Amino acid sequence: MKNTRGGALMRMRGLIRKEFLQVLRDPSALAIAFVLPIVLLLIFGYGVSLDAEHVPLAIVVEYPTPDTASFCGELEHSPYFRPVYFHDMPTARQALMRRQVDAILHFRADFARQLRRADGATIQLILNGVDANTARIVQGYVSGVLQKWMEHRAISTGQTPSVPVTVEHRIWFNANVRSRNYLVPGVVAEIMTLIGALLTALLMAREWERGTMEALMVTPVSMLEVLLGKIIPYFLLGLCGLALSVVMSVWLFEVPLRGSVWVLILSSSMFLLAALGMGLLISTVTKVQFVAAQVAIITTFLPAFILSGFIFDIGSMPTVIQWITCIIPARYYVSLLKTTFLAGDVWSVLIPNFIALCLMATFFLGLTGIISRKRLD
């Protein structure tokens, strides 16, 4: 019995050592594990932003007055706008058509006179709706500047603001409304998907192509030992990628980590097991690197990017698509990451998502084991 256990441990050590040597000798594996996370984090951290700043805003004032001048002054001092003045509306419309500006703010000639009436004045805001997200953001920014201008004007004239209700804003979890805090945790999920699923699928398929898997199967090594020998090295590699990503997120991009580090590690480990199970399953079924790469991208990376809530809100998707997202492990991992980073240890959110990842990891790893045993018979 002791000899059997000793032999199994020696075989496991040999398999794990073989996998580590294979990873170290493969530049593409090291690039996916360490270089790609840095590139993705830098691109999404610095290059991608859902915020709108320095928006080119066309301003048309038919009859300049101190009131219009003070309003335009508020816009000029706002970091969200870059005012561009036009003398008439046709010229401003042409600029909007050419995408030289994203919106037009039109003050009619009787603006000052209407402002002093009981029913107030009107300002025309024309938005380019091609980019709906930017249009909504610009509309909100203009409304905020208008509210601020009305308050300043009321104070300077000794009057009370004309708006009867004052809204006191308080934003939880992301007080500065930085899109970087929202994007970077999602990028971590993409990185873990690449390391767990894509890298594993490629390297396993390469072994099938080269015939080393068949050679391994004729040895006394059991299929369980083969799978563990594949999972353990790439699991540790994934944890190294996680550590690199978290360090960059917290120290370079200043994304807050309000939850427990152990919760982050545990949830990431479970997602990594699910991703490894998917990668092993893909490589076992396809056995060809090109096909494995295509299948891994279509079934793991793209769903993690589009249907996980990383960028696009799941609640805004059609009901059928929302149901489809329930079978995507990245959906639960993105929720875990954003909660851990921005909100903290909210157990009512963490526990259901963690259980879902446990079930998916068990399913994919178990299915891989079943299919692999059938291949050996």
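**Helix packing and aromatic pairs in the predicted model**

F44 is buried, with a relative accessible area of 12%, a value that falls under the 20% limit for buried residues. The structure described here is a predicted model. F44 is found in helix α2, which spans residues 27-47. Leaving out residues up to four places away in sequence, F44 touches L183, V187, F305, F310 and I311.

The protein has 14 helices and four strands. Of its 377 residues, 45% are buried. Among contacts with a sequence separation of 6 or more, 76% are between residues 24 or more positions apart.

Helix α13 (residues 329-343) packs against helix α10 (residues 261-286) at an angle of about 165 degrees, and the two axes are 10 Å apart. The two helices are therefore roughly antiparallel to each other, since the angle is over the 145 degrees that this class requires. The crossing of α10 and α13 is left-handed. On the α10 side the contact involves V263, L264, S267, S268, F271 and M278, which meet P329, A330, Y333, L336, L337, T340 and F341 of α13. By class, ten residues of this contact are nonpolar and three are polar, with no charged residues.

Helix α13 also packs against helix α7 (residues 179-210), here at an angle of about 135 degrees and with the axes 9 Å apart. That angle makes α7 oblique to α13. The crossing of α7 and α13 is right-handed. From α7, the residues N181, Y182, P185, V188, A189 and M192 take part, and from α13 the residues Y333, V334, L337, K338, F341 and L342. The contact of α7 with α13 divides into ten nonpolar residues, one polar residue and one charged residue.

V246 lies in helix α9, which covers residues 223-252. V246 is buried, with a relative accessible area of 14%. In sequence V246 and F341 are 95 residues apart, while the distance between their C-alpha atoms is 9.8 Å.

Aromatic rings form ten pairs in the model. In one of them, F271 and Y333 have ring centres 4.3 Å apart and planes at 10 degrees, so the pair is stacked. This pair links distant parts of the chain, with F271 in helix α10 and Y333 in helix α13, 62 residues apart. Both F271 and Y333 are buried.

F305 is partly exposed, with a relative accessible area of 24%, whereas F310 is buried, with a relative accessible area of 0%. F305 and F310 are also both touched by F44. Elsewhere, ring pairs link F71, F107, F111 and W149 into a cluster.

R99 has a positive phi of about 65 degrees although it is not a glycine. R99 is placed in the loop between α4 (89-97) and β3 (103-107), and at 47% relative accessibility it counts as partly exposed. K287, likewise not a glycine, has a positive phi of about 65 degrees. The place of K287 is in the loop between α10 and α11 (289-306). At 25% relative accessibility, K287 counts as partly exposed.

Conventions: Residues numbered from 1 in each chain as written. Predicted model: local features only at pLDDT ≥ 70, side-chain atom pairs only at ≥ 80, totals over all residues. Heavy atoms only, no water. Axes fitted to C-alpha atoms, helices over the stretch in contact; angles between N-to-C directions. Parallel < 35°, antiparallel > 145°, perpendicular 65-115°, else oblique. Left-handed = near helix turned anticlockwise from the far one by under 90°. Contact = heavy atoms within 4.5 Å. Nonpolar A, V, L, I, M, F, W, Y, C, P; charged D, E, K, R; others polar. Phe/Tyr/Trp six-rings, centres within 6.5 Å; stacked < 30°, edge-to-face > 60°. Buried < 20%, exposed > 50% of the residue type's maximum accessible area, 1.4 Å probe, protein only.
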